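Okay, everyone, thanks for coming. Let me put the structure up and then talk you through a few parts of it.

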Amino acid sequence: MKGRMRGERVQLISTTQLGVHSTDTITWEGIVLFMIRWFKQKPKVIQETSAVSPQDDEQVKEFLPEEASELEIALSQESDSETSMEDMEDVSEQWDQETSLTEPNTQSAPTDHGLEKGRFFKRLRERLHKSREQLNNRIDRLVFGKKTIDLDLLDELEEILITSDLGVHTTQVLLNKVTEKIKRQELNDPAILRDHLRVEIQSLVSLPAPPMDFRAHRPLVVMVIGVNGVGKTTTIGKLAHQLKQEGLKVMLGAVDTFRAAAIEQLMLWGERVDVPVVRQKRGSDPSAVAFDAIDAAVARDIDVVLLDTAGRMHTKTNLMEELKKVQRVLNKKMPTAPHEVLLVLDASTGQNALSQARLFKEDIGVTGLILTKLDGTAKGGIIVAICDELKLPVRYIGIGETLDDLRPFDPEEFTLALF
């Protein structure tokens, strides 16, 4: 068709409204260019259609061949489509601008607390890598490639748990639970043995103890006890910083009057976290310092008093009696004091920490534990043994040297980081 029409000329009769004169002669290529120009002026033509007579319109239709009609339809659809899409984009942009001003953002951004918790968990998992290698990685190697849980596998699992400082008693508790699940056919795949152990360990460290409420009394008196070298003074400084961040007024009491430079060390922590310190000269009666600290706290309207006691060997009876004397003096000054007795343990000492906790609990009456130095040891499993055997709640754990590395103990976070 295109070859047949090439070179032919026709007489075009149209109206001046379409921009074509009666004497114009064009080729078919010209018609195409004409139609393109006409559709670009389509809005103007539509507005002026009332001036076009029906007779002229019929003449134009008679003249245009089928190719032109098809071209007109195609160009019309393309023009309408482009115009429609442009209009829709404009409307969409306008709608987005309006709704962004009127509608709230429904996507909940993570809170600062959530971000901080996530950062701490990541740091906790990194610092527990030695304990995780000692327990979790060895269990993975044990069950790798095994098809069933047999007696040989359970014997090797027992060795892994004991050498990970979970202790004999806690190991037997865990193995009994695993055996019961095997008998009930709830556990028969070695690949999921680790997950079952994690759940059982989490239940052992999740003791039904109420959370510490530092606003329950005013002032709330906390005795911090433990043997030498576990990090009592450092822990007190970090705890004072956290309590101050929570809006509480904190005071420190230098009850350790025996150890060289103990008072000076606590004074440095007081300056660092900007809290007052009650002290006397070295060699003074520790009970007298505790008494003065309560007097000063009441006078200054203090919320929490943290008493740094001298390191006592749990095997020395006379030293333990000194702590009992401090307790009696506090109780005379304030009948409900001390409200909390926190025992600081060095996690790197393993089973020795369990022995310390047992004797301090019997003689002093420990209400909670703080496990320090978890970042430098493979004996993090001792937490599970202490919670299982002594039923003492772990209140805080220390995983580093910075102020933020002392955090409240979360059983779920700890077990997830351990596995």
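Let's start with strand β9, residues 394-398, which is mostly covered: 5 of its 5 residues are buried. Keep in mind that this is a predicted model, by the way.

So who sits beside β9? On one side there's strand β8, residues 368-372, running parallel to β9 and joined to it by 3 bridges.

In what order do the strands come? The order is β5-β4-β6-β3-β7-β8-β9-β10, so that's 8 strands in an open sheet with mixed pairing. The edges are β5, which is 277-278, and β10; each has a single partner strand, so one side of each is left without a neighbour in the sheet. Down at the β5 end, the partner is strand β4, residues 250-254, and those two pair in the parallel sense over 2 bridges. There, L252 stands opposite V277 in β5.

Two helices to look at against that sheet. Helix α10, residues 232-245, lies across β3, β4, β6, β7, β8, β9 and β10, and runs at about 170° to β6. Helix α11, residues 262-273, lies across β4, β5 and β6, at about 170° to β4.

Next, a helix pair. Helix α8, residues 151-183, packs with helix α9, residues 193-205, at an angle of about 100°, and their axes are 11 Å apart. That angle makes α8 and α9 roughly perpendicular to each other. What meets what in that contact? From α8 you have residues including L153, L157, L166, V173 and L174, and from α9 there are L193, H196, L197, E200, I201 and L204. The residues of that contact split into 10 nonpolar, 2 polar and 3 charged.

While we're on α8, have a look at H169, which belongs to that helix. Leaving out residues up to four places away in sequence, H169 touches D388 and E389. The C-alpha atoms of H169 and A385 are separated by 7.8 Å, and those two are 216 residues apart along the chain.

Compare that with A417, over in helix α16, residues 411-418. A417 counts as buried, because its relative accessibility is 0%. Setting aside neighbours within four places in sequence, A417 is in contact with F121, L124, R125, L128 and R132. A417 and R132 are 285 residues apart in sequence, yet 7.7 Å apart in space, C-alpha to C-alpha.

Last, the whole chain. The secondary structure comes to 16 helices and 10 strands. Of the 419 residues, 43% count as buried. And if you take contacts between residues at least 6 apart in sequence, 75% of them join residues at least 24 apart.

That's my tour. Which part shall we open up again?

Conventions: Residues are numbered from 1 along each chain as its sequence is written. This is a predicted model: local features need pLDDT of at least 70, side-chain atom pairs count only at pLDDT 80 or more; totals for chains, interfaces and linings use all residues. Side-chain values use heavy atoms; hydrogens and water are left out. Buried means under 20% relative accessible area, exposed over 50%, partly exposed in between (1.4 Å probe, protein chains only). Helices (H or I, at least four residues) and strands (E, at least two) are DSSP runs, numbered from the N terminus. Two strands pair if DSSP finds at least two bridges between them. Axes are lines fitted to C-alpha atoms, for helices over the stretch in contact, and angles run from 0 to 180 degrees between N-to-C directions. Angles under 35 degrees count as roughly parallel, over 145 as roughly antiparallel, 65 to 115 as roughly perpendicular and the rest as oblique. Contact means heavy atoms within 4.5 Å. Ala, Val, Leu, Ile, Met, Phe, Trp, Tyr, Cys and Pro count as nonpolar, Asp, Glu, Lys and Arg as charged, and the others, Gly among them, as polar.
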